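Good morning, everyone. Please have the sequence and the structure open while I talk, and we will go through a few parts of it in turn.

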Amino acid sequence: MSVTLVNVTKIFTDHDDKNKEFTAVDNVNIEIKEGEMVTFLGPSGCGKTTTLRIISGFEQQTKGDVYIDGELVNDLPANKRNSSMVFQSYAIFPHLTVAGNIGFGLELKGMKKAEIQVEVDKIMQTMGLSALGSRQPSQLSGGQQQRVALARAIVNKPRVLLFDEPLSNLDAKLRDQMRTEIRRIQQTFGITSIYVTHDQAEAMTVSDRIMVMDKGIIQQLGTPFEIYSRPTNHFVADFIGRANFFSGTVTKLDTEVTLLVNKKEYTFSSFNKDVKKGKSGTIVIRPEGLRITDPSPDAFYNGKVSHAVYLGATMEYEIQVKGKIEPIVAISYNPVLEGFHKVGDEVGISFDSVSAHVIC
Amino acid sequence: MNATYISGKWHGLKKLSKDPLLLGIIILLLLSLLLFIIYPLWKVCVVSFQVDGHFSFKNFTDVMTYSNGYYLKALWNSLWMGVATASIGTFIAYIFAYSLTRANIPGRKFFNLIATIPIISPPFIGALAVIMLFGRNGFISSTVLGMDNANAYGPKGLLFAQVLTFFPVAYITLRGVLESISPTLEDAAMDLGGNRFTIFMKVTLPLSIPGIASSALVLFVESLADFGNPLVLAGAQFPILSVQAYLEITGMGNFAKGAALAFILLVPSVSAYVLQKYWVSKKQYVTVTGKPTQSSNNVVSKKARWMLFVVCCLIAFIVILIYASIVWGAFAKSWGNSNELTLQNFVYVFRVGFESVLDTLTIAGLSTPIAGVLGMVIAFLVVRKKFMGRKFMEFSSMLSFAVPGTVVGIGYILAFNHAPFYLTGTLAILLINFIFRYLPVGVQGGVAVLNQIDPSIEEAAVDLGADSNKTFRKVTLPLMIPAFFSSLIYSFVRSMTAISAAIFLVSARWKLMTVQIMSQVESGRIGAAAAFSLILVAIILVAMFVIKTFLRLKYHTNSSILAH
């Protein structure tokens with residue numbers, strides 16, 4: 001089942017001052033294909049949760065249309081949309097047992113008790129909850145509650161499954177485990193899913209595509225690879241992982257782009273469409289794309305190590321370059337082989353052009 | 001502005017129009033609150049500010065100059081009695097609450113029980129006991145001390161009765177406040193080198209100041225509104241406003257003057273309430289706590305602990321003395337003269353007052369569940385729904401906390417004594433009065449519970465296909481059950497013990513036990529009054545026991561949601 005948003009906009013009005021308005025979601029267009037898992041990613045207040053709540057029917061958009069499976073659902077209340085949400089707080093009914101929680105939606109549909117039992121048992125088995133059917137929610141661990149919330153959503157065979165930051169209440173280890181499991185279950189059942197998170201690692205793990213949002217506007221929509229390696233702007237590059245930015249002037253533009261940076265010219269094959277000849281451009285290079293060498297006049301930049309952190313598997317450096325305010329961040333993935341540098345060492349920095357991407 | 005832009009309120013209304021049942025309930029509730037809470041108060045204002053159909057202050061100038069300022073004296077008496085009751089009551093309550101939460105004194109459960117008993121008793125039990133202990137034939141004044149001309153009437157007796165009646169209200173608030181102050185703060189202060197007295201003065205007391213202020217204001221309002229105790233004890237030498245307003249209406253039939261007195265009574269009550277609700281209660285400190293921590297609980301020295309224990313024993317002794325005297329008086333042949341035990345008081349009560357027992361049970365039994373359900377529904381609407389008039393619904397449904405019963409009673413007579421709302425003398429007027437008077441407890445309890453329920457729990461139900469009706473029935477209501485039943489208990493107790501507003505509304509057809517007890521006291525039949533009071537308290541205890549047992553049996557598997 002597909003989900004389509006056309007020009008969806010949400011404006012909130014201040015309770016006390018009717019003239020104060022806040023645009024939470026600004027003209028969002030997206031088409032989510034059947035069986036696809038799309039993540040809405042962005043900092044808090046970017047409009048991702050509001051967009052999700054518009055799809056679920058908990059918020060009414062100020063403007064624009066929402067289609068689920070081709071059907072216009074603007075006027076359909078939340079309880080008739082046949083979408084199922086997994087809430088951040090899990091929202092397990094505290095007065096019902098685990099089985100009672102999972103069977104709640106089926107009961108509302110008027111399904112017979114015996115049939116509900118069969119369906120509930122089946123899903124509990126899939127989710128590893130079989131022994132917990134008669135437990136009270138207060139007797140469950142965080143991970144188990146999370147599973148119950150997911151089982152309760154899936155058992156209804158919803159047209160679309162909605163996740164509202166479902167893992168933010170779990171500890172780090174369980175979070176890693178659950179995100180893999182959520183992806184596995186989503187693929188097993190093939191349910192079209194939308195997943196809201198502010199955690200980029202989570203987004204990378206679970207998604208077919210990621211929609212990066214900021215200030216209510218879509219910043220980029222693409223596969224995890226595109227989002228990380230081909231960011232469309234400074235915000236996306238900075239928000240997803242860490243990035244070094246080097247600005248220069250575009251001197252040549254055809255199938256490749258050439259930039260003048262630090263008095264030298266460099267050519268790149270990966271660049272954004274809005275890059276223009278004669279205008280300024282910015283090279284984005286991830287820390288793992290930089291190599292640390294001995295200082296040399298041929299180096300991209302020369303600088304001094306201002307910070308060095310040994311993390312076991314990797315070594316992280318910050319390198320201060322004359323005239324550049326932000327230090328350059330570089331990661332060495334095999335420090336034993338590549339050699340260690342101390343704070344205060346003079347070093348050179350170089351890169352392969354394939355590790356870089358040019359934005360405007 | 002965009003054409004398709006819909007503002008929040010209109011959107012709310014548009015959403016409601018899709019849910020006609022909900023819309024209907026909201027409109028019906030708003031109309032009822034308007035008619036049965038606001039309209040009677042409006043009538044009090046109109047009548048008190050009107051002479052021959054024109055706006056005038058004449059009623060007030062008349063009242064203030066009446067009989068060399070007799071009513072001015074009543075106002076002064078009421079105010080200082082309020083201040084005195086609030087100060088002494090809060091002080092005693094704080095000692096009690098501090099001893100029970102901090103000092104680790106022996107017998108805490110017992111003391112807690114002692115402090116809550118007066119809450120389930122009719123408000124004039126204190127007055128009755130004062131007469132029985134300190135009056136002309138009083139047990140202490142006459143039998144123990146051998147005085148033959150003791151006078152329990154007047155300010156001292158009234159103050160004693162009011163403090164005794166109302167300190168439990170402050171105790172419950174202050175216990176909550178002190179419990180919410182983490183003992184680790186005191187441990188931290190001690191760790192930083194403070195001695196126990198410094199810790200109390202610099203940490204515990206400052207943190208409880210908002211709670212103390214809040215309780216004192218509540219006691220002030222309660223004292224001003226009190227009717228039972230002053231009716232018995234105040235006497236003509238020491239006029240009290242609420243009683244004078246009552247006498248002006250029922251004794252002299254002067255509605256304009258009565259309304260003016262009621263209005264004068266209303267002003268300080270509502271001011272104190274507004275101060276408490278919108279200012280003091282917002283100052284409450286919230287202690288930020290991480291994981292619950294173990295406290296060493298040694299903030300009180302051994303000497304201080306025993307001192308507090310003795311004080312608590314003394315207070316408990318007085319409370320027990322009061323109730324013992326009521327019990328004894330109920331079985332004594334003639335209080336103060338002949339202490340021979342007899343059942344004749346009960347026989348008398350059943351002969352003359354059985355009808356009022358049935359009436360009271362009928363009225364309380366009918367109004368309590370209605371008030372409980374309405375309270376939950378209003379709490380739900382106020383917390384969870386957006387609609388025009390939401391603020392009004394919240395404010396008006398809570399207003400009865402602030403308005404003295406006497407004022408409500410006078411308002412009801414003024415409003416429902418003639419067409420189009422002619423209700424005087426009917427069962428309906430008593431029922432309606434009780435329902436709307438004891439609504440706030442349910443609303444307050446319901447609001448508190450709902451604020452604790454994560455809204456996403458209800459959203460989850462909607463998401464799974466439930467409409468608003470089913471969501472309320474299958475999810476919200478079950479979660480509100482504990483609040484519902486505790487509001488039931490409270491409004492039942494209040495309905496059984498109500499007098500200040502109800503005394504205006506009783507008729508030959510519909511009688512109330514409290515009013516009957518009052519008339520027994522007034523005609524000097526202390527024994528009968530005591531027996532009657534005892535029956536009243538017994539009925540309340542049985543009802544509480546039944547409700548609590550029912551809850552335990554029906555929801556025993558769900559003890560977690562009943563824990564608080």
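I will start with two helices of chain B, α4 (residues 70-101) and α8 (residues 155-180), whose axes come within 6 Å and cross at roughly 45 degrees. Before going on, please keep in mind that this is a predicted model. Two packed helices are described by the angle between their axes and the distance between the axes, which is the reason for giving both values. An angle counts as roughly parallel under 35 degrees and as roughly perpendicular from 65 to 115, so α4(B) and α8(B) are oblique to each other. The crossing of α4(B) over α8(B) is right-handed. What classes of residue make up the contact of α4(B) with α8(B)? There are 20 nonpolar residues in that contact, along with five polar and two charged ones.

Next, the contact between the chains. Chain B puts in 25 residues, and chain A also puts in 25 residues. On the side of chain B that touches chain A, the elements giving two or more residues are α1 (8-17), α20 (455-463) and α21 (468-497) of chain B. Which of these gives the largest share? That is α20(B), with six residues. Sorted by class, this side of chain B has eleven nonpolar residues, nine polar ones and five charged ones.

Now to chain A. The chain is divided into domain 1, covering 3-229, and domain 2, covering 242-359. Taken over C-alpha atoms, the centres of domain 1 and domain 2 of chain A are 39 Å apart.

Last, some backbone angles. Most residues other than glycine have a negative phi. Two residues of chain A are worth a look on that point. A:Asp69 is not a glycine, yet its phi is positive, about 55 degrees. You will find A:Asp69 in the loop between β4 (63-68) and β5 (71-72) of chain A. Is A:Asp69 buried, exposed or partly exposed? It has 14 other C-beta atoms within 10 Å. Buried would take 20 or more, and exposed would take 12 or fewer, so A:Asp69 is partly exposed.

The other residue is A:Lys157, again not a glycine, with a positive phi near 50 degrees. A:Lys157 sits in the loop between α4 (142-154) and β7 (160-164) of chain A. A:Lys157 counts as partly exposed because it has 13 C-beta neighbours inside 10 Å.

That is the end of my part.

Key:
Residues numbered from 1 in each chain as written. Chains lettered and ligands numbered in written order. Predicted model: local features only at pLDDT ≥ 70, side-chain atom pairs only at ≥ 80, totals over all residues. Contact = placed C-beta atoms within 7 Å. Helix = DSSP H or I, 4+ residues; strand = E, 2+ residues; numbered from the N terminus. Nonpolar A, V, L, I, M, F, W, Y, C, P; charged D, E, K, R; others polar. Domains from an automatic or database assignment. Axes fitted to C-alpha atoms, helices over the stretch in contact; angles between N-to-C directions. Parallel < 35°, antiparallel > 145°, perpendicular 65-115°, else oblique. Left-handed = near helix turned anticlockwise from the far one by under 90°.
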